[in-house]
Amino acid sequence: MRTLAVVLVAFAALTACSSGDEPSKAPSSSKPSSSAPKPSSTAAAASLDPCKLLPAAAVSKALFLDNLQAVAGPVQDNAANGGKARSCEYQLNGKAAGALAVTRYEGRQAKPADMVASIKKAKAGAQDVAGFPDGAVFYVDEQKTATLASAELVSGTPVLVNYTGPAKMTAEQMAPLVKTALDAS
């Protein structure tokens, strides 16, 4: 179960921008993107640790579960699209309760809103989630896992953040988790 959840999280993160060298282009809206690069060094984007961005205590609170533990997942890099994914699995008594994946695309010029639009286009039944400056998308996939994904620029580097959990999780449960991770990055 643990390996399956980590693989699904990494897959979701890496497929967001896997079609070609750039995320698919969504039509530009007339309003400018609200994601300005966050002030910090380029090393900030390279060192994003999902377990530090979203502590186990925050996940425990959102899921109404006590004693969740955060366990770092395997490194999942994709040479085809330049994605460098890191994940953190949240476990209760050794069983997966969900996972956070953070994928950075160093050297890319993708806009966060375009990354989110690309995921929405690629995932059947994906729905927009309000409350994120560059948008967010929620979907349940064929493996019966739910995912909420959003993106932002960190030191000028596009970064995709997604939380994946059981299909019974709702966008309302996941949104605060993804927001916490985005705010900490």
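## Helix α6

The buried residues of α6 pack against α3 (50-53), α4 (56-63), β4, β6, β7 and β8. This is a predicted model, and in it the buried positions of α6 are Ala171, Met174, Ala175, Leu177, Val178, Ala181 and Leu182. An α-helix has 3.6 residues a turn, so residues three or four places apart point the same way.

## Helix α5

Over in α5 (residues 112-122), the buried set is Pro112, Asp114, Met115, Val116, Ser118 and Ile119. Those buried residues pack against four strands, namely β4 (95-105), β6 (136-140), β7 (145-154) and β8 (157-166).

## The second largest pocket

This pocket holds about 210 Å³ of space. Its lining includes Leu63, Leu65, Leu92, Pro166 and Met169, and β4 gives the most to that lining, with three residues. By class, the lining has seven nonpolar residues, two charged and one polar.

## Salt bridges

The count comes to three salt bridges. In one of them, Arg104 pairs with Glu106, with the closest N and O atoms 2.6 Å apart. Arg104 is buried at 8% relative accessible area, while Glu106 is partly exposed at 36%.

Asp77 and Arg86 pair up with their closest N and O atoms 2.8 Å apart; Asp77 is partly exposed at 44%, and Arg86 is partly exposed at 21%. Lys120 bridges to Asp128, again with 2.8 Å between the closest N and O atoms. Here Lys120 is partly exposed at 33%, and Asp128 is exposed at 55%.

Note on methods. Residues numbered from 1 in each chain as written. Predicted model: local features only at pLDDT ≥ 70, side-chain atom pairs only at ≥ 80, totals over all residues. Heavy atoms only, no water. Buried < 20%, exposed > 50% of the residue type's maximum accessible area, 1.4 Å probe, protein only. Helix = DSSP H or I, 4+ residues; strand = E, 2+ residues; numbered from the N terminus. Contact = heavy atoms within 4.5 Å. 1 Å grid on protein atoms, 1.4 Å probe; cavity = no way out; pocket = protein on both sides within 12 Å on 5 of 7 lines; lining within 4 Å. Points joined across faces, edges and corners; volume = space filled by probe spheres on them. Nonpolar A, V, L, I, M, F, W, Y, C, P; charged D, E, K, R; others polar. Salt bridge = Lys/Arg side-chain N within 4 Å of Asp/Glu carboxyl O.
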